[in-house]
Amino acid sequence: MATNILEVKDLQKVYPNGTHALRGVSFDVTEGEFLVVIGLSGSGKSTLLRCINRLHDPSSGSVKFNKDEITTIKGQPLRNVRSKIGMIFQHFNLIPRKTVMTNVLTGTLSKTGVFKSIFGIYSEEDKKKAQELIELVGLSGKERHRADNLSGGQQQRVAIARALMQNPKMLLADEPVASLDPATSHSVMQYLKKVNEELGVTILCNLHFLSLVRQYATRVIALKGGELIYEGSPKEIDENWFKTIYGEEAVEVTID
Ligand SMILES: Nc1ncnc2c1ncn2[C@@H]1O[C@H](COP(=O)(O)OP(=O)(O)OP(=O)(O)O)[C@@H](O)[C@H]1O
Ligand SMILES: [Mg+2]
């Protein structure tokens with residue numbers, strides 16, 4: 001039987017300004033899944049990912065990663081968990097003037113320490129691994145190019161390679177293709193799929209376009225006003241569900 005890598009139970013998040021962004025969200029993620037979170041702008045998708053990797057502290061509820069409760073841990077235990085949960089952002093968050101190789105190597109930061117990384121002291125083993133990951137995301141030959149000279153899709157692939165440096169068990173991706181054109185979006189999604197299928201890394205990803213969701217998600221959850229209102233296969237999102245999730249007035253825009 002498949003094991004749960006993540007168990008989220010009755011998660012609540014109230015921001016200091018009083019916004020109630022998550023209202024009792026519960027779901028499990030099975031090892032190896034490609035689970036996509038959908039919902040209107042402001043429905044709580046980013047908040048959910050941030051409460052999982054503890055960029056934000058949830059107000060109450062439970063998040064278990066590999067059966068360990070992680071909502072209250074701090075210090076080294078938190079760093080250990082974070083090294084197993086990689087993160088990818090909409091705007092890539094690379095160091096613009098550094099090379100592809102250096103950006104990927106910064107993925108070892110929690111192991112290497114800030115001092116070593118500032119002086120570029122990386123082990124041969126790390127360099128070899130970075131090289132392999134650059135190949136995995138199809139960027140061989142670009143190792144010495146500056147990150148800010150790459151296209152958006154290429155930059156996101158560098159970010160994927162960087163996130164893989166610590167051998168994460170799971171990747172959280174917050175709108176990873178929202179800044180990209182349709183063709184490039186598919187290319188980046190294909191690499192995430194490859195990481196999911198070939199390396200067995202579980203993916204938890206927020207996406208806007210349902211056509212991408214249908215193509216890449218193994219399962220979907222939908223948030224509305226901070227509540228989980230749908231959990232199931234992407235195929236089961238018919239017109240009725242679409243209107244429930246996105247509103248009566250919504251019209252589906254496709255990305256081909
Ligand atoms: N740091 C914050 N402080 C206060 N309120 C916040 C903060 N971040 C988000 N919110 C609010 O919490 C709610 C959920 O926001 P969140 O960013 O999680 O939505 P989202 O689904 O990711 O939206 P989008 O699709 O636009 O990225 C919104 O009402 C938002 O205004
Ligand atoms: Mg968001």
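Before the first entry I note a definition: two strands pair if DSSP finds at least two bridges between them. I also keep in mind that this is a predicted model.

Entry 1, the six-stranded sheet. I looked up strand 3 (residues 34-38) and found that it pairs with strand 9 in the parallel sense, over four bridges. Within this pairing, L35 stands opposite R219 of strand 9. I then followed the whole sheet, which is open, has six strands in the order 6-7-8-3-9-10, and shows mixed pairing. Its edge strands are strand 6 (85-88) and strand 10, each of which pairs on one side only. From one strand to the next, the twist averages 20°.

Entry 2, the hairpin. I turned to strand 9 (residues 219-224) and strand 10 (residues 227-232), which pair in the antiparallel sense over five bridges. As one pair to locate by eye, I noted V220, which stands opposite G232 in strand 10. What lies between the two strands of this hairpin? I found two residues between strand 9 and strand 10, and G225 in the turn has a positive phi of about 55°.

I traced another open sheet, in which four strands follow the order 2-1-4-5 with antiparallel pairing. Strand 2 (20-30) and strand 5 (68-69) each have a single partner strand, so one side of each is left without a neighbour in the sheet. Looking at strand 4 (residues 60-65), I saw that two bridges join it to strand 5 and that these strands run antiparallel. K64 has E69 in strand 5 as its bridge partner. Helix 1 packs on this sheet, where it touches strand 1 (4-14), strand 2 and strand 4, and its direction makes about 65° with that of strand 2.

Which residues are around ligand 1? I listed Y15, N17, T19, A21, G39, S41, G42, S43, G44, K45, S46 and T47. By class, this shell has two nonpolar, nine polar and one charged residues. Helix 1 (residues 45-52) supplies the largest share of the shell around ligand 1, namely three residues.

For helix 7 (residues 152-164) and helix 8 (residues 182-198), the packing angle is about 15° and the axes are 9 Å apart. Helix 7 and helix 8 are therefore roughly parallel to each other. Helix 7 passes helix 8 in a right-handed crossing. The contact is made on the helix 7 side by G152, G153, Q156, R157, I160 and L164, and on the helix 8 side by T184, S187, V188, Y191, L192 and V195. I sorted these contact residues of helix 7 and helix 8 by class and recorded six nonpolar, five polar and one charged.

Methods
Residues are numbered from 1 along each chain as its sequence is written. Chains are lettered from A and ligands numbered from 1 in the order in which they are written. This is a predicted model: local features need pLDDT of at least 70, side-chain atom pairs count only at pLDDT 80 or more; totals for chains, interfaces and linings use all residues. A residue is near a molecule or strand if its C-beta atom, placed from the backbone, lies within 6 Å of it. Ala, Val, Leu, Ile, Met, Phe, Trp, Tyr, Cys and Pro count as nonpolar, Asp, Glu, Lys and Arg as charged, and the others, Gly among them, as polar. Axes are lines fitted to C-alpha atoms, for helices over the stretch in contact, and angles run from 0 to 180 degrees between N-to-C directions. Angles under 35 degrees count as roughly parallel, over 145 as roughly antiparallel, 65 to 115 as roughly perpendicular and the rest as oblique. A crossing is left-handed if the near helix is turned anticlockwise from the far one by less than a right angle, and right-handed if clockwise. Two residues are in contact if their C-beta atoms, placed from the backbone, lie within 7 Å.
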